[in-house]
Every structure is written in C-alpha cells, then in structure tokens.
Amino acid sequence: MRTGFIEGIVFSTLLATGSSLAGSAFAIAAITGAVSIGLSVGLSYLAASIFAPKAPKPEDVQQSVRQPAAPRVRHYGRVKVSGPWVFAEAKAGYFYKLLAIGQGPIDGIEQYWLDDNNVVLDGSGNVTDSSWQSNSGPLVNIQTRLGASIETAHGLLTNAFPEWTSAHPGDGVASLCVRQAPVEAEFYAGAFPNGINTNYRLVIRGAKVKNPVTSATGWNDNAAAVIRDYVTHADGMRLPESIVSTPQAQAGWVTAYNRAAAPIATKTGSEPRYRLWGSYSLEERPADVLGRMMASCDGRLVPTADGGLTLDIGEWQEPTVTLDENTIVGFSEVGRGRDILTTANTIRAKYLDPGQDYQGADADPWVDAADVSDRGEIATDMEFIMAPSHSQARRLMKLAAFRANPSWVGQFQCNLGGLAAFGERFVRISYPAFGINSVFEVQDFRFNIGEGGILAGVTLQVQSMPSAAYSWDAAQEEGDAPVYDETEVDNTVPVPAAPTVDILTGPIARLSFSPSPSAILDIEARYKLTSFSSWNSITVTKGATTADSSTLVEDEEYEFQLRYVTEKGRPGEWSASTIAIADSVP
C-alpha cells in the first residue's frame, strides 16, 4: 500500500515539473487509451490543494512551541531555526529544556541566539555574556547535537534525571538542550523576561548534500546539489539514485551545478547564480517542496534519452532545434502576448533575507514604467522564498516579467520531427505565414497518440523568450534591497539621582526626590549607618516624592539611596549615596 502511494507521488511530481520517462508515458497511454499524454514543463500543477499542509515560512521554523506531535522539518543552506519542545522539567531550581531543531545530520552551528540576543558560549557551553552571569556562575548552559545517525544523550539531562538515560540519544535529530540556573527573584525578570518560554535559536548550516561534480558529500547551497539531494533523499521524493545517475542524467546535473555556481555580478561584488536556503516539513507534498525550489532557481526537471532524470537550470542558449513549416502541421491559440488575465507589468516578490533575521522580505518590485503609464498597474505576486539574496530574487523577477509579456504565445502541432524538441528548454520556430522567426521557451510537451496506439506527433505549448531576459546589468537592474535599521532598544532600568535628605525631629530622615519617570517604575529607598554593611528599607508610597525613615540614632552618620523597580520586579542599580548626620537640632 505504501509503495503504491509513493509511486503515485513520484509520477505526479514528474508530470508537474516537466519530467517523466518516455517509456513511462507510452506505457500509460497504452493502459489508459489516452490520446495525449502531457509532459508539462511548467509549474501549473504545483499549486497546493486546500487540504495540503502549509509550507513552513522562514519565521515559522524560528518558533519554539509545545506541540504533542510536531511535524519533522529538514533544512538546506543557511537558516535560523528553533524547534518544538521534546522535554521540559524543573529540578532543584534549575529548568531544563530539549528542543528538536530538525532532521540531521546538519553540517554545523554558526550562531547562538537567546531571545533576540546573539550570545557566545565557552568551551563548556556556558553563555559568557554578562547579562547571564551571577555571583554563583553562569546562568545558562547550552548543549547541541548535529543529528548524526548515532548520537549520544545530552549530559545535562542524564546527570539530572535518572529516567533520561543513554537509551535516549536522539539519533538522526539535530537538537539543543538548555539548562537555566536559579536566579534570585528580583533578578529573574532581567535574565529571563520570558521565563521558561525563553526562545533559543541557532543559525545553522543545514543538510549535507552530494556535489554532482566531485561526488563529495558536505554542506553546499548550490541549487543543483540541493535539488538532487531532495529528489533522492529518504526524507524527500525518494527516487532511486540510478535515475539521476545515468550517463546523460549525470551530465545534465553537472551542467546544472556549474550554471548555478557561475558568478553573477552584484552592485557590491558577485555571488553564485542560484543558491537555495530554506526548510521543508516532511508533511508537505513533494511537488510543493520541489515547486518552490524550482521557482527559486529557474529550474525544471527533464527526462533524458537514456531513461534518466536531470535538472535544467535556466541560462540563455541559442537553440539547436528549429521547427519550421516542414515540421509544423497545425497550430492553435497563436497570438501576440498574454491576455489581460495573465499579463503583468509589475512583479512583486518575497525572498529570504539573512539581513532581516533570516525571514521573508519584499524585493524591490520589477516595474515596466511605460506600460504602467499606458494601462495602469497590473501586478502579480510571486514567492522566491528559498532565494537568499535580493540580486537572485530580482533576476528571477526579470524572467517572470518577460514570461508575463511574451511577444508570441501558442500551441504548435508537429509531426514526428517535433520529437527533436523533447527535453529542450528553447527552440526556434520559423513560421513565415505568421511572420514568426523567434526563439521560444517550451512550456508544455505532449505526445499525440493516434489510432492503434501509434505515436502520430507532438504538441508544444510555447511562448517567445528573447536573450535579453537572461542578460544582467547589476547597476541598472538589481534595484534596492529593503532598508532596515537595527533598532537598539535600551531595556536598562534607569538610575535615579541621589535623594535630598532632611533630618527632622526624632530624629528621622525625610528623603525628597523626583517623581518616577514611568508608570511602570516604582521607587525603592534604603538607608544604613555608614559604618554598617546591612541596609534598612524605607517605605515609598506609589506616586510620592518624599519618604520618611524610621527613628535614627542621634549624631550618627547615615547614607541614603534610591532605585527604580519595574512592575515585573526587575530592579535597577542603586543611586549614589547621600550622607547625612542624624542631628535633630543642628
């Protein structure tokens, strides 16, 4: 039962991404009696059904949640992540928490984040930042596992809980274990404002993938290497390695890898043409995951003549196949440009911005200003959420703009000579009857089966695609990435000025001070003999600007201080001392 389900997923995904084996197509035609088998090279069937699990957004995988049975998640490239709670318990004042970061193994951890603070660990896993230090030592200890196939249980848990033993290693799951030390009540809110819900996040290098050029396995964000891994991985599409390893398929993967790795100029330097960073849930449909990978690198899976499956990543090439009146036997829906329902003169898109906390950001829209002036804005929204740079997103937006406004579109029926276009991205169509002699991008390729199951020809759905779509001028076309400012929020509790002290009959001390600068800050006061070390509290009524001490010892020297305390009990530093002698008769 399970095998049949997987085969169905595989075949439907291949159709959705322009990939199938010719033999498979003919076999299915014979079984079903279909007159036409479609090998779509578009992504029209990748739209998720309303019942499909939602794809995790970049910000979703940064949340640490308590969930009885959270879906497993796998990561590619460089991402910022947290994960669901696996274990949480308090003991002897310490709080312990274990988070499942994702399917392993991952390649490494680059940053540790405690709420919104990038923190540093020492060799023992202790957070060294001063905000998480106390007189008794570090307040936070963090241990991580990369999710190797054979892992070891976290010592923080095995040492504290006899129930947690070496039989709980978490094999194959990248994880984070944290211990929060006990803190005096008055300092707890300052160290852990979110209490046990303190959010621990990591910037990681995700899954190790195979380089199709060198066959070495390691961290790699090259789009071709990532897609090849997903296609064959046990937690991905689960296609057999043999399908992507035939001689022609392997050659195609090498070409795709080199295209994706080619340096592309940016306004500040250069970067690889196509990289993929992001996460997917194992609950998602493979077609949906593959769809957003392809969208983020202008990619498509294509069959090879030797029965393999390879990747074609967009790069301009003069076509080697020409379809002319000797090949074309019919046509339909041939016309200039798109209709109003599919055209667009403004392309808006989201991409993954590492500079904005590894979350989705709006790219600078691609606007055809002249067309907007003529027709008004006709906008379409796209997502390149696995594209980790603004430059990459803008290049994809430029391609989308050309596809939304082609010079020619149409379907052409061809005789068997049209088989030469099988697996090709670009073909030249020369059809003098319409004055056409242009390069077209193949959107759909169909085998036409005649009577008796005999192949009669093919049908191509095409649209024109000029070389200008793939040219790139970073200075003119990269646009402006979103501008963001790192807002520095000062959460420090202010320090009040030293109080004014008057000695009254008693003797007692009357402290005078300015009102609290905020409704959430209360004032505390204290005093002591200068020769003593212990302090005595002075009651301060909320909203008051004066407070009286208890009776003092005549002619002794005292010091007095103030501080602010937040409504959650987090205290600030004490003010400077005011010195006064308890002389009720000066």
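These legends go with a set of close-up views of a predicted model.

**View 1. The whole chain, as a starting point.** We're looking at a predicted protein of 586 residues, 48% of them buried. The protein has 10 helices and 35 strands. If you take the contacts between residues at least 6 apart in sequence, 69% join residues at least 24 apart.

View 2. Mean pLDDT for the protein comes out at 87, with 88% of residues at 70 or more. Over residues 1–51, though, the pLDDT is below 50, and this stretch still has 96 contacts in the model beyond near neighbours in sequence. Helix α1 (residues 2–16) has the lowest mean pLDDT among the elements, at 32. At the other end of the scale sits helix α5 (residues 223–232), with the highest mean, 98.

**View 3. Helix α5 against helix α7.** Here α5 pairs up with helix α7, which covers residues 286–295. Their axes come within 11 Å and cross at roughly 170 degrees. An angle over 145 degrees counts as roughly antiparallel, and α5 and α7 are therefore roughly antiparallel to each other. On the α5 side, look for Val226, Ile227, Tyr230 and Val231. They meet Pro286, Val289, Leu290, Met293 and Met294 of α7. Sorted by class, that makes 9 nonpolar residues in the contact, with no polar and no charged ones.

**View 4. Helix α9, checked for length and cover.** Helix α9 runs over residues 390–404, 15 residues in total.

**View 5. Zooming in on Ala401.** This alanine lies in helix α9. Is Ala401 buried or exposed? Its relative accessibility is 14%, and the cut-off for buried is under 20%, so Ala401 counts as buried. Leaving aside residues up to four places away in sequence, Ala401 touches Ile347 and Trp366.

Definitions and conventions. Residues are numbered from 1 along each chain as its sequence is written. This is a predicted model: local features need pLDDT of at least 70, side-chain atom pairs count only at pLDDT 80 or more; totals for chains, interfaces and linings use all residues. Side-chain values use heavy atoms; hydrogens and water are left out. Helices (H or I, at least four residues) and strands (E, at least two) are DSSP runs, numbered from the N terminus. The expected span of a helix is 1.5 Å times one less than its number of residues. pLDDT is the predictor's confidence in each residue, from 0 to 100. Contact means heavy atoms within 4.5 Å. Axes are lines fitted to C-alpha atoms, for helices over the stretch in contact, and angles run from 0 to 180 degrees between N-to-C directions. Angles under 35 degrees count as roughly parallel, over 145 as roughly antiparallel, 65 to 115 as roughly perpendicular and the rest as oblique. Ala, Val, Leu, Ile, Met, Phe, Trp, Tyr, Cys and Pro count as nonpolar, Asp, Glu, Lys and Arg as charged, and the others, Gly among them, as polar. Buried means under 20% relative accessible area, exposed over 50%, partly exposed in between (1.4 Å probe, protein chains only).
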